[in-house]
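Please examine the sequence and the model shown below.

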Amino acid sequence: FILLIITITRLISTVGKTEQWKSSSSLPIELSTNKISQNLINNPKAIEKASSDYGNLVHDLPAAVFNPTTVNDIVSLIKLSFNSSVPFHIAARGQGHSTRGQAMARDGVVIDMKEFRENNKKNKNVDNIKVFEDTKVGYYVDVGGEELWIDVLYKTLEYGLAPVSYTDYLYLTIGGTLSNAGISGQTFRYGPQISSVHQLDVVTGKGEFVTCSKENNSELFHGVLGGLGQFGIITRARIALEPAPKRVKWVRLLYSDFGAFTKDQERLISMKGINKNSGLDYLEGMLLMHQGPINNWRSSFFPLSDHHRILSLVTQHRVLYCLEIAKYYDHHSENNVNKEIQVLLQGLSYIPGFYYEKNVSFVEFLNRVRSGELKLQSQGLWDVPHPWLNMFIPKSRILDFNSGVFMKIIQKRNITTGPVLVYPMNRNKWDNKMSATIPDDEDDIFYAVGFLHSSGFDNWKAFDAQNREILQYCNDAEIKYKLYLPHYSTQEEWTNHFGPKKWKTFLQRKYEFDPRMILAPGQRIFNNN
Ligand code: FAD
């Protein structure tokens, strides 16, 4: 009798589920009869998750969530939409760490790449992060688009190897960061993450499974890298590896003068070492302001005993600039690394006495943001709104940006909470054939500036207003910036973002690989509703 009740309850719940998404006007009836329908869910919890992201500002409800168990499931789903008389939108959701709904699909289907990853883990026959050596290209890792960078790091370290380019935070998916660029302090030297990809497997907007590289199907390859999810779902990436260092010497220097700070940053990223391994491996920079704590969730660094003297300097100057560098080394080369750092720092103009250093393991350095995340999570402060603004600024205008934005707008509004990053990168590390967009300027260097705000649920609009004021200032001052992790509301803005030539290529690639405009509608490039 009990078994009968359980069976009836299960039947009712299945029928309820199916009816719910079948009745959705936005999904075609064929979906319900296809075998992949068993991978579709629309329970409130799944729908809620798929309609939220790290930004917590946009909430677009999908009609259903898709939990693939194989790449073929993704092929079938996209094919079904492509062949349907009224196609439905599909978005891959990596970790949902976008801030403006970029991984959402209103009334469409969200592919939950996290569930895909979990499904793979349960299946012991699937090894989704595999390391190889090739006589031509050297070491590389083949990794599923749904996997996390942290897992790639741990797996490759088992072979004494590691990728060369990272993001500051490693709990992001391969597919998600490669759809943007993937930048951090390593970018000036090793390029963005998209530049260390040899090959991709992609399921296009027509439901075709294509392997692509610079040599084969290069339009798709270049389109997808930095392509904001517009041309296909990345199901595998082949990423270059190098022998992994063991340790990291990590240094922070404080400046009160922005000109001196950027001059030193530019000098450091331009210094060519005497051999392949010399020179810095990482360089970033951030603002210290009285609006925010000295240590923040991105990293705690300054000793408690020094907080007072740093804070009084902040009060005196309103803003301090913190230059952050790192040099990798192995146990046996600690003396050499100390000497090299000394040579590199000779002649720099930081405030005397404001030099801080740490020696940490390679993993501790790369995974430095995680402890801050866990702390915020335990305080319930990780899932608050994040009205972030990330920009690329031409080197020729970075001093104007400082005087107009850091010294005026930010000071006047007095609301900044969270890290503000500013660091340079070398243009020649970016491949203009890829979709990722950087300033058109002639300069060999441009800056990444990130306002990584956390706000309350009731005051995020004040941060948004500040972001708009910053953009307005740049427009008025004719600072030709580009947004990183871009979000716009009109197609005219998107055209401006890419510039006429790149936009033309972007459109051609869209018509070729996703002609029915199915993929990644949350980017609001072709689906501005
Ligand atoms: P999602 O947000 O889920 O997706 C982003 C876009 O990619 C969406 O349009 C989605 O549809 C698409 N997409 C997802 N998976 C695939 C796939 N397999 N194939 C095709 N398209 C796909 N970025 C940096 O560059 N450097 C940083 O240092 C950095 N630090 C961060 C720190 C934190 C705490 C957070 C929250 C974000 C940070 N980011 C950084 C931003 C991050 O790179 C983006 O949010 C990026 O989108 C990756 O997140 P995700 O994997 O969750 O992708």
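A hairpin of three residues connects strand β5 to strand β6. Helices and strands are DSSP runs numbered from the N terminus, a helix being H or I over at least four residues and a strand being E over at least two. Strand β5 covers residues 129-134 and strand β6 residues 138-144; the two run antiparallel and are joined by six bridges. One of these pairs D134 with G138 of β6. Two strands count as paired if DSSP finds at least two bridges between them. In general, the strands of a sheet pair through backbone hydrogen bonds, in either a parallel or an antiparallel manner.

Two remarks on the model itself are needed here. Residues are numbered from 1 along each chain, as its sequence is written. The model is predicted: local features need a pLDDT of at least 70, side-chain atom pairs count only at pLDDT 80 or more, and totals for chains, interfaces and linings use all residues.

The protein is divided into domain 1 (2-115), domain 2 (121-243 + 511-523) and domain 3 (247-483). Such domain bounds come from an automatic or database domain assignment.

An open sheet of four strands has the order β1-β2-β4-β3, with mixed pairing. Its edge strands, β1 (40-41) and β3 (90-93), each pair on one side only. Strand β1 runs antiparallel to β2 (residues 64-66), and two bridges join them; I41 has V65 of β2 as its bridge partner. Helix α5 (residues 113-122) packs on this sheet, where it touches β3 and β4, and its direction makes about 35° with that of β4. Helix α4 (residues 71-83) lies across β2, β3 and β4 (109-112) and runs at about 155° to β3. For these angles, axes are lines fitted to C-alpha atoms, for helices over the stretch in contact, and the angles run from 0 to 180 degrees between N-to-C directions.

Contact means that the C-beta atoms of two residues, placed from the backbone, lie within 7 Å.

Strand β18 (residues 445-451) has seven of its seven residues buried, so the strand is largely enclosed by the rest of the structure. A residue is buried if 20 or more other C-beta atoms lie within 10 Å of its own, exposed if 12 or fewer, and partly exposed in between, with C-beta atoms placed from the backbone. From β18, I445, Y447, V449 and F451 point one way, while F446, A448 and G450 point the other way. Strand β16 (residues 389-394) runs antiparallel to β18 and is joined to it by six bridges, one of which links F392 to A448. Strand β17 is likewise antiparallel to β18, with seven bridges, and M425 has F446 as its partner.

Finally, some single residues deserve attention. Most residues other than glycine have a negative phi. L228, however, has a positive phi near 55°; L228 is placed in the loop between α9 (218-224) and β10 (232-240), and is buried, with 24 other C-beta atoms within 10 Å. P419 is in the loop between α15 (398-413) and β17 (420-426). The C-alpha atoms of P419 and L288 are separated by 8.3 Å, although the two residues are 131 residues apart along the chain.
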